[in-house]
Amino acid sequence: MRPILLSLFLVFCIALTGGCQSKSGQEKTKITPLKKSNEEWKKLLSPEQYHVLREAGTERPFTGKDWDNHETGTYYCAGCHLELFSSETKFESGTGWPSFYQPIKEGVVAVGTDKSYGMVRDEVECARCGGHLGHVFNDGPAPTGLRYCMNSVSMVFEKKAKK
């Protein structure tokens, strides 16, 4: 009798919490990590992509292909093609890098600490391949108040097909 009650209780709890929805209302996604050697990454990526994605480099502001992109579509990781950001959450931050107020799904990016250049910042990495994407700051617009400041070279933009 107890296992049946426990099962019913769990089903009830999942139904109340929205199942696959997070607190933010975003769909959660399970990511399987992708591991490659430095040699494999060097064969797959351009030198600039390798520097930013694998060595946590940064492109100069106002030089990336997507900082001023206003097309409708989706931004994917340039290393592993994981879906990262929607153009619907992109905004003009004035920083010279593409900025978004939230990832496309919860769990597609990982946030860690970056202590380089004498600063402490929240580094954003691809949750699948661990590639450096940029940083996240607490000065973004509603509804999240976050600014995911990404390197264009870390991402590939795919324009939404017209219907």
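Analyst: Glycine 73 stands opposite lysine 159 in E9, and in this predicted model that pair belongs to the antiparallel arrangement of E1 and E9, which are joined by 5 bridges. E1 also runs antiparallel to E2, to which 3 bridges join it; here threonine 74 has serine 86 of E2 as its bridge partner. The two strands E1 and E2 form a hairpin with 5 residues between them, and histidine 81, in the turn, has a positive phi of about 65 degrees. E1 itself is mostly covered, since 5 of its 5 residues are buried.

Leucine 133, leaving aside its neighbours within four places in sequence, is in contact with residues including Leu53, Leu84, Val109, Met150 and Ser154.

E6, E7 and E8 also take part in an open sheet of 6 strands, with antiparallel pairing and the order E3-E4-E8-E7-E6-E5. Strand E3 (90-91) and strand E5 (109-114) stand at the edges of that sheet with a single partner strand each, so one side of each is left without a neighbour there. For E5, antiparallel pairing with strand E6 (residues 121-126) extends over 6 bridges, and alanine 110 has glutamate 125 in E6 as its bridge partner.

Definitions and conventions:
Residues numbered from 1 in each chain as written. Predicted model: local features only at pLDDT ≥ 70, side-chain atom pairs only at ≥ 80, totals over all residues. Heavy atoms only, no water. Pairing = 2+ DSSP bridges. Helix = DSSP H or I, 4+ residues; strand = E, 2+ residues; numbered from the N terminus. Contact = heavy atoms within 4.5 Å. Buried < 20%, exposed > 50% of the residue type's maximum accessible area, 1.4 Å probe, protein only.
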